[in-house]
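Trainee: I would like a close look at one part of this model, starting from the pairing of its strands. Please keep to what can be computed.

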Amino acid sequence: TGTRRASGAVVLVLLLPSVCCVGAGVSRVLFHYSDELDGAFMRAFLPQAGGTRLDRDVQLGSVVQTKLEGRSAVALRILSKDAPGYMRGSIYDRYQGRSWVDTLQSRLTWPIAQDKDVSSEQRFRLRPLSSVSAFHDGLKSREVWPNRSIGDMVFTQLNTPFLDINVSEILVSGHGAATVEQVVSGSGYTLHIDEEEGRASPLSEELESALLDVPRGLDEEVRTLALNLFDGDTTTSEKVRRVVAYFDENYAYNLGIEIPADVNPITYFLLERPPGHCELFASSAVMLLRLGGVPCRYVTGYVAVERNSVGEYWVARSRDAHAWVEAWDDDAGWVTVEATPAAGVPSGESASRFSYVWDEVKFQFQQFKDAIRAGDFIGALRLFVRRAARAVGDWGVMAGLSLLGLAMVIYVVR
């Protein structure tokens, strides 16, 4: 293995001068034909790109639809040392009928001042100035690269006060979820996570009221269930553990469920106890916790725990779409509540090594194209050399795929 890596490094060094000589011309060609190359690459090699979008339709069942439509299609690629886990897309506070809505006012946000030599991206604050510490070196950073079908949704993590992204403005909800009107297809962005930020300040009266809202006309049996369930529990952590254990011991997970049209899905699920999917577990957990006096909200997104061992990054696929709960604890701040039994929580199924190699090639293309569009040819070249050196153990496969990609480029620009 050491010999193969050394030989691969020698090949890269010998090729580097040639690549630099033709670099300027290639850069102009790629920039001029960027859209055509992107479309051709996606049509030829990414037929599964559709179906990875986590729809903004928040009717119960939308997450299940995403899981079934895309299945193994990649939705997010994340550069991080450790598993990212829960990637939040949308956050809601009010349940009505068979859907969730966000009742808090969103705000249009512009970049904050930063050293332009650090990054070509703009830095945005996702939390109000009064509730977040200043940017500092102790923040944990993760780079997120969404699939081109994701749309305007920006996927963040709990306690993410800062976001670096190449746009001029973003829309931030009262819960800290972010969306953009226009973003270059396939561009990445960086999350800066403060693990202490969740305890920075208490909830506002408006937010606490929204997170304790229970629908009018909720069945009295559900209220009685919550009353009995939390009997003797006084702290938020005790109530959270009680809810998680209750669902784990008394319910089963199943993607498919038939709910009568004339009943409230949450009431039906809690009282009849049929096997259900993550959206029903999360929605029901929100109702029980709120009845127990715990402010909480409903969250949809992806769970990223699958690691591409070739590219050394983390992957979230369509089948990893999920719904969960975030609850407020006066002692610990925001905490993630996983009410779905283990069988229904994405666990990061492994793919074949060839699949990981091929996904690494697609990821390289995505990053290379993004750097070229930003006018950073040196950065694109550095990225190519670094990635190729890391994948030299699969040099034969990479060489074949590279020749295939070159043939596609010649075909498109001829």
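In what sense do strand 5 and strand 10 (residues 170–172) pair, and over how many bridges?

Mentor: The sense is antiparallel, and strand 5 and strand 10 are held over three bridges. This is a predicted model, in which local features need pLDDT of at least 70 and side-chain atom pairs pLDDT 80 or more, while totals for chains, interfaces and linings use all residues. Residues are numbered from 1 along each chain as its sequence is written, and side-chain values use heavy atoms, with hydrogens and water left out.

Strands here are DSSP runs of E with at least two residues, numbered from the N terminus, and two of them pair if DSSP finds at least two bridges between them. Within the pair you ask about, Leu 108 has Leu 171 of strand 10 as its bridge partner.

Gln 122 is the bridge partner of Ile 165 in strand 9, and Phe 162 has His 192 of strand 12 as its partner. Both faces of strand 9 are covered, with Phe 162 and Asp 164 buried on one side and Leu 163 and Ile 165 buried on the other. Buried means under 20% relative accessible area, exposed over 50%, and partly exposed in between, with a 1.4 Å probe and protein chains only.

A salt bridge is a side-chain nitrogen of Lys or Arg within 4 Å of a carboxyl oxygen of Asp or Glu, and the whole structure has twelve. One of them joins Glu 326 to Arg 88, with the closest N and O atoms 2.6 Å apart. Because Glu 326 lies in strand 16 (residues 321–329) and Arg 88 in strand 2 (residues 85–92), this pair ties together parts 238 residues apart in sequence. Both Glu 326 and Arg 88 are buried.

Glu 326 also forms a salt bridge with Arg 297, at 2.9 Å from N to O. Arg 297 is in strand 13 (residues 296–304), 29 residues from Glu 326. Arg 297 counts as buried because its relative accessibility is 2%, and the value for Glu 326 is 1%.

Key:
Helix = DSSP H or I, 4+ residues; strand = E, 2+ residues; numbered from the N terminus.
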